[in-house]
Structure formats: structure tokens, C-alpha cells
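Here are some notes for a colleague who is opening this structure for the first time. Please read them with the sequence and the model side by side.

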Amino acid sequence: TWHLKKIPQIVRERTFSLDSPKFEAKTKLELNSVCGIECQRKLPVPSLSDLKDLLSYETVFENGTRTLTEVNVLGAVLDPAGNTTTRRASRRKRQIYGTDSRFSIYDKRFMTNFPFNTAVKVSTGCSGILISPKHVLTAAHCLHNGKDYVKGSKRLRVGLMKTKSRGNGRKRKGTSDGTPSFQWTRVKSTHIPKGWFKGVSGDIALDYDYAVLELKRPHKRKYMELGISPTIKMMPGSMIHFSGFDNDRSGLLVYRFCSISDESNDLFYQYCDAEPGSTGSGIYLRLKEPNKKKWKRKIIAVYSGHQWVDINGEQQDYNVAVRITPLKYAQICFWIHGNDENCTQG
């Protein structure tokens, strides 16, 4: 069941103008030397002043101007347990683990219907998911490398799926090759939490690898609501699902599901088969609504991608997702609505 939780409040305090970014960073679909789960075990629990700093955010507008908004956090419950984890499985190499269990979605009835129609392509080479009529959730590193915005993010666009016919725009009887084409929409503004720029340990902190894009024009498709990430124990079969546009299956929407192996307060380790291009996909679950017989899918994490981390002097790899915690729910909800009134229950 989806459990209702009281959400902390994110309150805007001050907004400053910043210099325009250079937009010169290279897009990196794999991150090295990041603070992963092992590194996080040694970190202290963030204080309230740390949280205010980490959840302050930058906004970049389509004309290249940039602002920093400082926030206050009200009603946050600080977890004294810190980043304890539940170890489930040993690490295995490669992005495809054993037999490739991904499904390419060819049938346009599936592709253009919920939940698959919520997957979008970001022009920097990543995926994302529709979270409102005007907003897309994706990974922060698709837009910013921790020091500067990536080259392609100055004129950022989002591709919404539509199915195309074979031939030069002329429909042949009963044929559609099932590959999606995209209706591209310009991005009006981008929000990234300051925690992504700072890096909790001097390295990039994966905990804040998420961003929200506001589209210039609203779409009319069904979007997926945010949910608060339950612990592994509270998930049916510990299973998660996500769809994205993997680079090795060009032009196809690729769906997968798998179980989670390990978790911290902010991250999931998992071995879902995924290739670059699916980074930024929304990870979702289907649980029952409280006191109802209805089932509902909600986004509980953002797929950050295949990461290499230094563990006791050895390079190890895993696929990681950034969990939507009550604080992140409050922040993303605030970005969507511009106030915290619609974000009191998650």
C-alpha cells in the first residue's frame, strides 16, 4: 500500500541573480569517483543548516540567465541512523547482468498509452519522465557535470513520443514499424538542487542527481505522479520498473523490471539491465491506494545510471537510482506548483 506521509515544507527565502553559465561541459553518461553507498556510510547525517544549503537550487532560463534560490526547511525529521544499508547481493560487472532481460516496446498501443507514454527523450542524450502537464523529471548529470552546464543544455529540448508510419510520411495499409518519432518541445527553465554542485564529500554526491525541466508549452498526455520511496521490505518482491531510450537500441523505447539489491537513505543499488541513454528515467512501483481497491503507479526514484566507484582502492560498478525521500518530494513538488500548499501529503 502507498503510505501517506507528512511532508516537510520547502520555503523560498531569497533569490539571487548569478552569471550566465558557460555551457561548455561535456555530457558524461557514466560517472567516476562518486560518493556511492560505501562512501556514504562514513558521512555524518546532514544538519538542518546542511539541508537548507543542499536543497537550495539553481534555475537556468532559456535565455541563458541563471538564479540561485535559497530555501528554508520546516518540519524535517533528521534520521539519527544515518546512511545504514541493507546488503542483499554481491557486485557483478557489466551493465547487462547475465541474460539481457530488457523488452523493446514495438506495439504502438502500448507505446502511446500509460505508463509507457510518460517516458521522454532529453536532447542531451538522456531519458526523463512526465510528472505534470509542464514538467519532466530527469538526472542532474544529464545537464550539469558538477562544475558547469553541458554544451547541449543551452537550447534544451524534450522529445515526447509519437508513432510514425513507414515511407515518406504516407501511410501504407496496415503498416507501422512501431518505432517512435518525437515531437520536440523547448525547455523554459531547469531546476537543479545545490547538493549536486557541492558534493557532500568533495566528490559528486549521487544523492542529489535529479533535475526538473519546465516545458515551454504544456502537453496533453497522461503523466505519472510522484510517490515517496518505500524501503525494500515494503515493495512487492522488491521489484521496480522503468522505461527509457537505451543507446544500443536506437529509436526504441526499452522497458525493464528487476529487484533492488541494496539501499541507503537516498540511493538504491539495483541490477536492472540498462545502457547509457536510459539515464534519467523515472523508476516506478504499482501499489494499492490507502483504503481503496485501486492500484496506482507512482515514481519513487530517478535512474542515475551505471556508476563506477572506488571501494577500498578497487573500482566497482553498479546501477544506481536516487530515491524520492520526503524532502525531495517536497522540493520537486514545490518546483511544480511554485508553493508548498499542494505538497503537504505524499
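1. In the chain, 75% of the contacts with a separation of 6 or more are between residues 24 or more positions apart, where contact means heavy atoms within 4.5 Å. The chain has 346 residues, of which 55% count as buried; here buried means under 20% relative accessible area, exposed over 50%, and partly exposed in between, with a 1.4 Å probe and protein chains only.

2. This is a predicted model, in which local features need pLDDT of at least 70 and side-chain atom pairs count only at pLDDT 80 or more, while totals for chains, interfaces and linings use all residues. Residues are numbered from 1 along each chain as its sequence is written, and side-chain values use heavy atoms, with hydrogens and water left out.

3. The secondary structure comprises 5 helices and 18 strands, both taken as DSSP runs numbered from the N terminus (helices are H or I with at least four residues, strands are E with at least two). The chain exposes about 16,000 Å², and carbon and sulfur atoms supply 48% of that area; accessible areas come from the Shrake-Rupley method with a 1.4 Å probe, and for residues only the protein chains shown count as cover.

4. Helix α5, residues 326-337, has 12 residues and reaches 16 Å from its first C-alpha to its last, close to the 16 Å expected at 1.5 Å a residue; the expected span is 1.5 Å times one less than the number of residues. The helix α5 is mostly covered, with 10 of its 12 residues buried, and the buried residues include Lys-328, Tyr-329, Phe-334 and Trp-335. Gly-338, which follows α5, has a positive phi near 80°.

5. Arg-323 lies in strand β18, residues 314-323, and counts as buried because its relative accessibility is 7%. Among the residues that Arg-323 touches, not counting those up to four places away in sequence, are Glu-263, Asp-266, Phe-268 and Lys-328. Arg-323 and Phe-268 are 55 residues apart in sequence, yet their C-alpha atoms are 6.7 Å apart in space.

6. Is Glu-214 buried or exposed? Glu-214, which lies in strand β12 (residues 211-215), is buried because its relative accessible area is 17%. Leaving aside residues up to four places away in sequence, Glu-214 touches Lys-134, His-135, Val-187, Lys-188 and Ser-189.

7. Glu-70, in strand β4 (residues 66-74), is partly exposed, with a relative accessible area of 24%. Glu-70 touches Val-11, Arg-12, Glu-13, Arg-14, Phe-16 and Ser-56, not counting residues up to four places away in sequence. The C-alpha atoms of Glu-70 and Glu-58 are separated by 9.0 Å, and the two residues are 12 residues apart along the chain.

8. Two loop residues also deserve a look. Phe-23, in the loop between β1 (9-18) and β2 (34-35), has a positive phi of about 55° although it is not a glycine. Most residues other than glycine have a negative phi. Phe-23 is buried, with a relative accessible area of 8%. Thr-112, in the loop between α3 (108-111) and β6 (119-122), is partly exposed at a relative accessible area of 38%.

9. How many cavities of 30 Å³ or more are there? The count comes to 3, where a cavity is a set of points, on a 1 Å grid over the protein atoms alone, where a 1.4 Å probe fits but cannot get out, and where lining residues have an atom within 4 Å of a point. Grid points are joined across faces, edges and corners, and a volume is the space filled by probe spheres set on the points. The largest cavity has a volume of about 100 Å³, and of the 14 residues that line it, Val-60, Phe-61, Ser-153, Lys-154 and Thr-190 are the closest to its centre. The largest share of this lining, 4 residues, comes from β10.

10. The second largest cavity holds about 50 Å³ of space, and its lining includes Pro-115, Phe-116, Ile-129 and Tyr-284. By class, this lining has 5 nonpolar, 4 polar and no charged residues; Ala, Val, Leu, Ile, Met, Phe, Trp, Tyr, Cys and Pro count as nonpolar, Asp, Glu, Lys and Arg as charged, and the others, Gly among them, as polar.

Key: 1 Å grid on protein atoms, 1.4 Å probe; cavity = no way out; pocket = protein on both sides within 12 Å on 5 of 7 lines; lining within 4 Å.
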